[in-house]
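Colleague: Please take a close look at one part of this model for me, the place where two pieces pack against each other. Start with the confidence, then zoom in.

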Amino acid sequence: MEDGTPLRERLVDVGVEIVATEGIAALGLREIARRTGVSHGAPRRYFPTHRSLISAIAGRGFDALKDRLGTCLGPDGDPRAQVCLLAEAYVGFAVEHRPMFELMFRHDLLDSGDEADGRSRLREKTLPLFASLVALIARHRQTAARPPVTGPGPAPDVVAAALWANLHGIAQLWSWGSLSLTLDASSPGDPHAHEALAPLIARTVDAHLGPVNP
């Protein structure tokens, strides 16, 4: 049924809803078209391949993640505190939106997109998020009052990459149920269960930024 929204966006809207309610396996091109109320060939006008449509759906996930992480960032806030908030928000998003999070990082989608109409590759949506983390870590180094260390230490982008990898691993292991067992926490299906991860996330940040100064 027409609602005034361009068909391209309606197709993606339906795909996002399917991911949230039924998971990635239900993302068939025909099913998306059926629920949108168009013929199964109609999506081809906007998405030449099934993968390009799935990439657009995953792109919405990155947009939602960006919005969520954006609430943690500010030019005048304490950079370390913002890194902690960003880390908690990243893992929280991953746990609360598990199917979308898995879709967003599918390797076969990350280099795809609708470049023909000016839209960037899906992988490029991660770059601003990563750049924000690198900037926070660089600011933390400039403002932290701590004893001198031997040598300059790893570059901020290396620290950011290591921290991101750790946080992503925490999110994945939690979603798979491994961490809930080792931490003796509630089921990953509990929407509030990831709160048990807060101490682990804090220790992960400490491991990469150093302990909080007394």
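Modeller: Helix α6 (residues 107–110) has the lowest mean pLDDT among the elements of the chain, at 76, while helix α1 (residues 7–22) has the highest, at 95; pLDDT is the predictor's confidence in each residue, from 0 to 100. This is a predicted model, so to speak of local features I need pLDDT of at least 70, and side-chain atom pairs count only at 80 or more, whereas totals for chains, interfaces and linings use all residues. Residues are numbered from 1 along each chain as its sequence is written, and side-chain values use heavy atoms, with hydrogens and water left out. Over the chain, pLDDT averages 85, and 84% of the residues reach at least 70.

As for the fold, you're looking at ten helices and zero strands (DSSP runs: H or I of at least four residues, E of at least two, numbered from the N terminus). Of the 214 residues, 38% are buried, that is, under 20% relative accessible area with a 1.4 Å probe, protein chains only. Take the contacts (heavy atoms within 4.5 Å) between residues at least 6 apart in sequence: 64% of them join residues at least 24 apart.

Now the close-up. Helix α4 (residues 79–96) meets helix α7 (residues 126–143), their axes coming within 8 Å and crossing at roughly 150°. Those axes are lines fitted to C-alpha atoms over the stretch in contact, with angles from 0 to 180 degrees between N-to-C directions. The crossing of α4 and α7 is left-handed, meaning the near helix is turned anticlockwise from the far one by less than a right angle. On the α4 side the contact uses Pro79, Arg80, Gln82, Val83 and Leu86; α7 brings Leu133, Leu136, Arg139, His140 and Thr143. By type, the residues of this contact are five nonpolar, three polar and two charged (Asp, Glu, Lys and Arg are charged; Ala, Val, Leu, Ile, Met, Phe, Trp, Tyr, Cys and Pro nonpolar; the others, Gly among them, polar).

Leucine 136, in helix α7, is the one I'd click on. Leucine 136 counts as buried because its relative accessibility is 4%. Beyond its neighbours within four places in sequence, leucine 136 is in contact with Leu73 as well as Pro79, Gln82, Val83 and Leu86.

Notes:
Buried < 20%, exposed > 50% of the residue type's maximum accessible area, 1.4 Å probe, protein only.
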